[in-house]
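Hi everyone, thanks for making time this morning. I'd like to walk you through one structure, so let me put it on the screen.

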Amino acid sequence: MAKKPFASVAARMDKLYEFDREPVSPDKLQSGARFAGLFAGEHVAATEFVIGAFFVLHGVTANDLLLGLAAGNLLAVLSWTFVCAPIAVRTRLTLYWYLRRIAGPGGTWIYNIANAVLYCILAGAMISVSATAVGLGFGLKVPSLDAVLPASAGWVILVSFIGALFTAMAILGFEKLSRFAQVCSPWILLIFVAGAIAMLSRLGVEKNLANIWEVATTRVWNGLPAPGQEKFGLWHVLFFAWFCNLAMHISLSDMAIFRYARKWTYGLYSAFGMYPGHMLAWLCSGIMVAAVGREMNPGLMAFEAAGLAGVAGVLFAGWTTANPTLYRAGLALQTLTPNWPRWKVTLTAGVITTVLSCFPVFFVRLLDYVAIYGLVLMPMGAVVFAEHWLFPVFRIEQYRTEKEGRVFNWRALGVWAGTLGICALLPLHLYFRWLPGYFIALISYVALSAARRKRHA
Amino acid sequence: MRKTWLGTAAILSLAAGLAAPILYFLGVFSEPRFKLVLLVASAGWFVFATLWSGARKEPR
């Protein structure tokens, strides 16, 4: 009974993604330089102002930070190279179409909805970061680090205004704004670097840099967490840098990009995004927050460090990264309302995002949110990996859901829900749960599929 | 030719934006001057880089 209406929803959903349904043809493949540029431009976002600063507030030492970021980002690059890119190059499909073959249109629909909600929260956090910049002009108090609900009407009014503005811009000119974002990204990295250099003298670094390491270890990353903040060490930093883009590499969202790669080794070009964006920018924001008395206020931090250009940096970083996030959320939400025009869906995503951004919990607990975001989508990445690589090894038939014309792959959905349930119960720090969870998902999906094969044999 | 000039001007703007905090750190610039130079260099980058990216799309 329920299958028929769902099939029509699935058919309309497919139409939305029709433009990238076919595998990429050889004449459309892109050079490595394009991948380097793409990654360099995508990974310097508004959230970098917050993440690097939080490492300082969590009492990370300089040694742990440098080693953790170097190793964690390397693991992220290797995840793109050895997990995401090979599947993308072999299939030349987006995750949407490949997942559809494996999880069925119903499973893909559920995945899309989960993705939409997560995107809205992420865009909401970016709006909150931008609000700290605009709020400077109105003397608005930034929420405290333990805030969950909005503390003042001023905060709600400001984030609502910025959310409405970002949504209107996304509706009116997504394409133009995307081009503007490309122009912005090298400049945003400049603002991070300029702000950090300018703050060195305030922290007491001598002009010949003779005491820079001493300042770094005693005044910036001195190992002392801020009151109420958990102490982080090497493994927290390493895992955070690794899972920060878990949805993109291990969960395979970046198949959309790497299907254009000539070779799977193009995954290594992700280093052009990781090391400037997730190492240099995080180090810079750490220096800036230490120089403003460890106050988590990205707008104030950037203003003190780089003046009006810094404020513009925070605002533009939030704007240009919230724009594609709103677009992706809208695209995913459109699966619920396939007949709605693009503007109406973007408006809906914008309204949800704006409401969420009123709650400072997503901004002041950004690190935890990033961990949850990666964790939620990870099991489906494991399901796709297992079906692609492990099924042939164990002689399990691939793509049965597609061949049998089923709407749902209940084993995949069961593995997804079961893995998340187990991860919720694991006696580990939130940051470390995804890794055992990934192997649990891989093994259980292969085992369930193998058991089904035996039953049918 | 126009594309080359615009690209050069954009990169010089970015370089000026990077030089300003270094000169401030070395004590050559005062804080207000550093922030002003950074702001002007930022404006320069947006003008030239936008035109540069537009010029790249022009048909040959």
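Predicted model: local features only at pLDDT ≥ 70, side-chain atom pairs only at ≥ 80, totals over all residues.

Let's start with chain B. What does the C-alpha trace of chain B span along its principal axes? About 45 × 15 × 10 Å. As for secondary structure, chain B has 2 helices and 0 strands. Of its 60 residues, 32% count as buried. And if you take the contacts in chain B with a separation of 6 or more, 64% of them come from residues 24 or more positions apart.

Now over to chain A, for two leucines. A:Leu209 is not a glycine, yet it has a positive phi of about 65°. You'll find A:Leu209 in the loop between α6 (153-200) and α7 (212-220). A:Leu252 also has a positive phi, about 75°, again without being a glycine. Its place is the loop between α8 (234-243) and α9 (255-258) of chain A.

So, buried or exposed: which is A:Leu209? A:Leu209 counts as exposed, because it has 11 C-beta neighbours inside 10 Å and the cut-off for exposed is 12 or fewer. And A:Leu252? That one has 29 such neighbours inside 10 Å, so A:Leu252 counts as buried; the cut-off there is 20 or more.

How values were computed:
Residues numbered from 1 in each chain as written. Chains lettered and ligands numbered in written order. Helix = DSSP H or I, 4+ residues; strand = E, 2+ residues; numbered from the N terminus. Contact = placed C-beta atoms within 7 Å.
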